[in-house]
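This report describes helix packing, the nonpolar core and charged pairs in one protein model. The sequence and structure are shown first.

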Amino acid sequence: MKAGLTEKQRNIFDFIQAHNMSAGVSPTQKEMAAHFQTSESNIAKHLAAIERRGWIQRAKGLKNALTVLP
């Protein structure tokens, strides 16, 4: 079940979707950090929250393997 996202989480989720559509791959945490002018650790925290809420799935052990869930 998908739970609501905060504004920052929604912005990150939207960026992931747009990047997937334009580049065909998920953005790296480094790319997201640069885009949002924040640290990679901050992005990682947001990604964990987005995953807990059921919007994405991350592959274990791979920083950049993101799947947007239906």
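In what follows, a residue is buried under 20% relative accessible area, exposed over 50% and partly exposed in between, with a 1.4 Å probe and protein chains only. By that definition Glu51, at 27% relative accessibility, is partly exposed. The model is predicted: local features need pLDDT of at least 70 and side-chain atom pairs count only at pLDDT 80 or more, while totals for chains, interfaces and linings use all residues. Residues are numbered from 1 along each chain as its sequence is written, and side-chain values use heavy atoms, with hydrogens and water left out.

**Helix packing**

Helices (H or I, at least four residues) and strands (E, at least two) are DSSP runs, numbered from the N terminus. Two packed helices are described by the angle between their axes and the distance between the axes. Here the axes are lines fitted to C-alpha atoms, for helices over the stretch in contact, and angles run from 0 to 180 degrees between N-to-C directions. Angles under 35 degrees count as roughly parallel, over 145 as roughly antiparallel, 65 to 115 as roughly perpendicular and the rest as oblique.

H1 meets H3 at an angle of about 90°, the axes lying 10 Å apart, so H1 is roughly perpendicular to H3. Contact means heavy atoms within 4.5 Å. On the H1 side the contact is made by Lys8, Gln9, Ile12, Phe13 and Ile16, and on the H3 side by Ile43, His46, Leu47, Ala49 and Ile50. These residues comprise 7 nonpolar, 2 polar and 1 charged, where Ala, Val, Leu, Ile, Met, Phe, Trp, Tyr, Cys and Pro count as nonpolar, Asp, Glu, Lys and Arg as charged, and the others, Gly among them, as polar.

H2 packs on H3 at about 105°, with axes 8 Å apart; H2 is therefore roughly perpendicular to H3. Gln29, Lys30, Met32, Ala33 and Phe36 of H2 contact Glu40, Ile43, Ala44 and Leu47 of H3. By class, this contact has 6 nonpolar, 1 polar and 2 charged residues.

**The nonpolar core**

A nonpolar core is a set of buried Ala, Val, Leu, Ile, Met, Phe, Trp, Tyr and Cys residues joined through side-chain atoms within 4.5 Å. The largest one has 13 residues, and Ile12, Met32, Leu47 and Ile50 have the most contacts inside it. At least two residues of this core come from each of H1, H2 (29-36) and H3 (40-52), and H1 gives the most, with 4 residues. Apart from residues up to four places away in sequence, Leu47 touches Ile12, Ile16, Gln29, Met32, Ile56, Arg58 and Leu66.

**Salt bridges**

A salt bridge is a side-chain nitrogen of Lys or Arg within 4 Å of a carboxyl oxygen of Asp or Glu. The whole structure holds 2 salt bridges.

| Salt bridge | N to O distance |
|---|---|
| Asp14 and Arg10 | 3.6 Å |
| Arg58 and Glu51 | 3.1 Å |

Asp14 and Arg10 both belong to H1 (residues 7-23), 4 residues apart, about one turn of the helix. Asp14 is partly exposed at 36% relative accessible area, and Arg10 is partly exposed at 31%. Arg58 is likewise partly exposed, at 25%.

**Two further residues**

His19 lies in H1 and is buried, with a relative accessible area of 17%. Beyond its neighbours within four places in sequence, His19 contacts Gly24, Val25, Ser26, Pro27 and Glu31.

Ala3, in the segment before H1, is partly exposed at 34% relative accessibility. With neighbours within four places set aside, Ala3 is in contact with Arg53 and Trp55.
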